[in-house]
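Please keep the sequence and the structure in view while reading.

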Amino acid sequence: MCGRLALTTPPDAVRSFFGYVDRPNFPPRYNIAPTQPLAIVRQTLDGTRRFHLVRWGLIPGWVKDPSSFTLLINARAETAAQKPSFRTAMRHGRCLIPASGFYEWRRTPEGKQPFWIRPRNGDIMGFAGLWETWSDPDGGDMDTGAILTIESNRMMSEIHHRMPVILKPDDFGTWLDVANVERRDAEKLLLPAEDDFLVASPVSTRVNKVVNDDPDVQREISAVEMAVPLKKIRDAGKASEKQAADDSQLDLF
């Protein structure tokens with residue numbers, strides 16, 4: 001699963017990597033969470049790539065009341081094309097999601113330990129994503145999106161059994177071309193990244209809270225530092241743990 005990510009790469013470098021025509025000037029984000037604005041790259045029918053912001057949490061067009069609908073932050077790559085919630089987006093709303101890295105939580109007897117995960121070479125990467133526009137009865141539109149996930153590669157399996165689908169730059173055009181590339185052909189690109197593509201570092205539980213959006217959430221911690229916050233989670237009791245999950249959206253992971 002992928003429930004938090006970061007986009008800290010300078011805007012010009014992001015634009016160069018993805019090849020979109022827009023020139024957005026966005027600040028670094030160290031802790032992007034569901035329901036917040038999510039950057040995507042989409043392709044128009046004439047082949048032009050565009051930068052766009054969507055709400056993280058896809059709402060299919062047929063939903064009548066988003067407040068009572070499940071928050072779809074991820075879509076399973078293996079089954080998305082068969083699911084009513086993602087079927088239309090897999091055909092008409094394929095996109096890329098720029099990310100400098102993402103966070104994942106490993107379950108331990110003491111609690112959940114967060115990890116900061118990013119490309120070994122330090123470059124930005126593009127997740128396979130889906131987006132769709134939801135229209136309310138009064139005529140307002142809201143663009144929403146989700147990240148496609150796949151079964152983890154060997155490295156990621158030590159932390160979690162799912163990981164985002166990371167597309168290679170050479171495959172960006174195929175994935176984005178909804179006008180000429182059939183869904184079944186695009187699906188062939190949805191594979192785990194190579195085992196040595198990513199590196200992971202343990203970080204503090206500060207990242208659990210969405211208000212902590214600063215470089216310190218990516219600071220690698222030692223084994224000794226890991227033990228203290230995890231022990232607090234263990235000793236807090238079930239009631240406190242539930243409250244912490246509500247406050248930090250840990251239930252999304």
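## Aromatic rings

Phe17, Phe18 and Phe172 come together in one aromatic cluster, where rings of Phe, Tyr and Trp (its six-membered ring) are paired if their centres lie within 6.5 Å, and planes under 30 degrees apart count as stacked, over 60 as edge-to-face and the rest as tilted. The model is a predicted one, in which local features need pLDDT of at least 70 and side-chain atom pairs count only at pLDDT 80 or more, whereas totals for chains, interfaces and linings use all residues. Residues are numbered from 1 along each chain as its sequence is written, and side-chain values use heavy atoms, with hydrogens and water left out.

The structure holds eight aromatic pairs. One of them joins Trp62 and Phe69, and because the ring centres are 5.7 Å apart with the planes at 90°, this pair is edge-to-face. Phe102 and Phe127 also form an edge-to-face pair, at 5.9 Å centre to centre and with 75° between the planes. Since Phe102 lies in strand E7 (residues 101–108) and Phe127 in strand E9 (residues 125–135), this pair ties together parts that are 25 residues apart in sequence; helices (H or I, at least four residues) and strands (E, at least two) are DSSP runs numbered from the N terminus.

Phe69 is found in the loop between strand E4 (49–56) and strand E5 (74–76), and at 23% relative accessibility Phe69 counts as partly exposed; buried means under 20% relative accessible area, exposed over 50%, and partly exposed in between (1.4 Å probe, protein chains only). Leaving out residues up to four places away in sequence, Phe69 touches Leu58, Pro60, Trp62, Val63 and Ser85, a contact being heavy atoms within 4.5 Å. The C-alpha atoms of Phe69 and Leu58, which are eleven residues apart along the chain, are separated by 9.9 Å.

## Nonpolar cores

A nonpolar core is a set of buried Ala, Val, Leu, Ile, Met, Phe, Trp, Tyr and Cys residues joined through side-chain atoms within 4.5 Å. The largest has 58 residues, and those with the most contacts inside it are Leu5, Phe102, Phe127, Leu130, Leu148, Trp175 and Leu198. Strand E9 gives the most to this core, with five residues. A second, separate core of eight residues includes Ala6, Trp116, Val207 and Val217.

Phe127 is buried at 0% relative accessibility, and apart from neighbours within four places in sequence its contacts include Cys2, Leu5, Cys95, Phe102 and Pro164. Cys2 is itself buried, with a relative accessible area of 0%, and Cys95 is likewise buried at 0%. The structure holds zero disulfides, a disulfide being a pair of cysteine sulfur atoms within 2.5 Å.

## Overall make-up

The secondary structure comes to seven helices and 13 strands, and buried residues make up 49% of the 253 residues in the protein. Among contacts between residues at least 6 apart in sequence, 69% join residues at least 24 apart.
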